[in-house]
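Dear colleague,

I am handing over the structure we spoke about, and it is placed just below.

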Number of protein chains: 2
Amino acid sequence: MERPLILISNDDGVHARGLHHLIDIARNIGDVIAVAPDAPRSGQSAALTVNAPLRIVPHSETDGAKVFSVTGTPVDCVKLALHAITGRRPDLMLSGINHGSNAAVNNLYSGTMGAAMEACLAGIPSIGFSLLDHSPDADFDPLTPFIDSITRRVLEKGLPEGICLNVNFPKNCTPLGVKVLRAAEGHWTEEYADYTDPHGKPFYWLTGRFHNEEPDCPETDEYWLARQYGSIVPIRPGQTALDMIPAIDKIFC
Amino acid sequence: MERPLILISNDDGVHARGLHHLIDIARNIGDVIAVAPDAPRSGQSAALTVNAPLRIVPHSETDGAKVFSVTGTPVDCVKLALHAITGRRPDLMLSGINHGSNAAVNNLYSGTMGAAMEACLAGIPSIGFSLLDHSPDADFDPLTPFIDSITRRVLEKGLPEGICLNVNFPKNCTPLGVKVLRAAEGHWTEEYADYTDPHGKPFYWLTGRFHNEEPDCPETDEYWLARQYGSIVPIRPGQTALDMIPAIDKIFC
């Protein structure tokens with residue numbers, strides 16, 4: 001039987017350790033083609049490059065894994081991989097391992113999840129993996145058996161149409177398990193650091209803290225991540241709020 | 001009674017005609033503060049600027065409307081407006097008018113909708129407006145009464161928590177009406193033009209055509225946009241597929 005083809009991308013760029021950790025897990029499971037941004041692209045969401053040319057640059061080839069970089073966003077990487085690199089349709093798409101949390105509302109801003117959602121919209125089962133540790137030297141080793149198991153399970157059973165997975169892991173520990181959950185409600189506060197430049201003009205730099213609005217709710221990703229569990233949140237890239245159509249209709253009639 | 005404060009942004013940038021058309025409609029309804037990217041940022045989705053400083057530049061001030069530009073994405077504009085510009089909490093946020101369609105799957109990639117979703121997540125009722133005409137000289141005049149009416153209605157009645165609106169209008173006509181709908185299922189095909197540079201190396205440029213997978217379905221935005229109606233689609237920025245949690249749970253247990 002043909003080995004499954006696994007497409008991998010991320011948003012921390014082709015040099016990130018999390019990407020290569022994920023590649024190493026995946027090439028035990030199937031043939032890997034990784035197509036990642038040429039530089040870090042955190043916070044790129046589902047952005048795509050509209051008004052500029054894109055290049056594909058071969059990066060490396062090791063046993064069972066070919067790696068390329070693209071001069072664009074995570075979504076560009078997935079689109080160009082399918083257009084010009086993979087040849088056949090991937091059986092699975094993995095994104096990450098992200099250096100930093102994509103739990104709760106961060107899903108929306110995440111380039112890691114942008115790439116996973118793009119694959120999902122192309123009909124390929126996809127999973128974004130993130131570790132709650134921004135450090136370039138974050139320790140991904142404890143995640144290996146969990147990522148291996150989740151990946152094999154999704155390859156075997158597939159995912160519902162139009163649904164991908166956002167998987168996050170706690171830092172500095174071996175997870176006690178993984179749970180299927182919803183994203184916690186919450187928002188960022190104190191979002192900017194304010195500066196004055198040498199000419200007396202103000203500028204701003206994104207920072208902030210996440211405020212969890214429901215810290216005691218055991219249905220949420222943040223609750224279990226704080227208790228050393230991994231979280232699996234099903235994500236629907238299609239954003240129509242079907243259940244709200246009657247209520248909105250009432251506003252306008 | 002205090003006039004409502006209306007925050008406006010877009011993704012085509014501070015010089016786009018669609019932005020100023022929207023400002024002109026809104027300043028008949030309330031006090032307007034517009035904060036738009038300093039240059040076109042189409043396709044920026046909910047991207048935010050993580051690793052660079054941001055500046056706010058005063059652009060213009062006319063009767064009832066102050067306009068600023070920001071050296072970042074549409075989401076940066078909304079976040080910085082709330083952090084450093086508006087002073088008080090806006091009663092409403094409007095995005096656009098976008099030069100080009102944000103119907104169907106385009107919602108996900110749209111910077112116009114990225115800005116609207118950001119305001120929604122901040123608890124501000126928000127609406128993205130788009131015209132199915134990419135031209136810089138697109139004729140926005142026929143939309144004026146519709147945008148005025150939709151805006152006043154949302155100001156009066158509010159929107160359900162966590163829901164914003166994606167409103168699209170057909171080009172080159174006076175809309176026959178507006179309908180509340182869901183996004184059509186579909187995907188982009190032939191997404192890249194392939195080139196060879198003067199040194200013999202390939203490069204790629206995003207293009208493509210939208211393929212509507214359900215052209216005969218009258219529940220969808222594309223169906224009615226093709227029949228000269230405006231579409232109102234309720235959008236939920238929170239992407240957890242709550243209804244899928246049991247199905248995903250079954251895959252992993």
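Is Gln228(B) buried, exposed or partly exposed, judged by the other C-beta atoms within 10 Å? Please keep in mind throughout that this is a predicted model. Gln228(B) comes out as partly exposed, because 15 other C-beta atoms lie within 10 Å, whereas a buried residue would need 20 or more and an exposed one 12 or fewer. Gln228(B) sits in the loop between helix H6 (221-225) and S13 of chain B, and its phi is near 70°, which is a positive value in a residue other than glycine.

Ala104(B) also has a positive phi although it is not glycine, with a value near 55°. This residue belongs to the loop between S5 and H3 of chain B, and it counts as buried because it has 29 C-beta neighbours inside 10 Å.

Two further points concern the backbone. In chain A, the peptide bond between Gly96(A) and Ile97(A) is cis, with omega at about -10°, and Ile97(A) is part of strand S5 (residues 92-99) of that chain. In chain B, a cis bond likewise runs from Gly96(B) to Ile97(B), with omega near -10°, and Ile97(B) lies in strand S5 (residues 92-99) of chain B.

The contact draws 55 residues from chain B and 55 residues from chain A. On the side of chain B that touches chain A, the elements giving two or more residues include helix H2 (74-85), helix H5 (144-157), strand S13 (230-235) and helix H7 (245-252) of chain B. H7(B) gives the most to that side, with six residues, and by class the side has 35 nonpolar, 12 polar and eight charged residues. Because 100% of the interface residues of chain B are also interface residues in chain A, the copies meet through the same surface.

Lastly, H2(B) is largely enclosed by the rest of the structure, since nine of its 12 residues are buried. Among these buried residues are Asp76(B) and Lys79(B), along with Val75(B), Val78(B) and Leu80(B). Just after H2(B), Gly87(B) adopts a positive phi of about 75°.

With kind regards

Notes:
Residues numbered from 1 in each chain as written. Chains lettered and ligands numbered in written order. Predicted model: local features only at pLDDT ≥ 70, side-chain atom pairs only at ≥ 80, totals over all residues. Contact = placed C-beta atoms within 7 Å. Helix = DSSP H or I, 4+ residues; strand = E, 2+ residues; numbered from the N terminus. Nonpolar A, V, L, I, M, F, W, Y, C, P; charged D, E, K, R; others polar.
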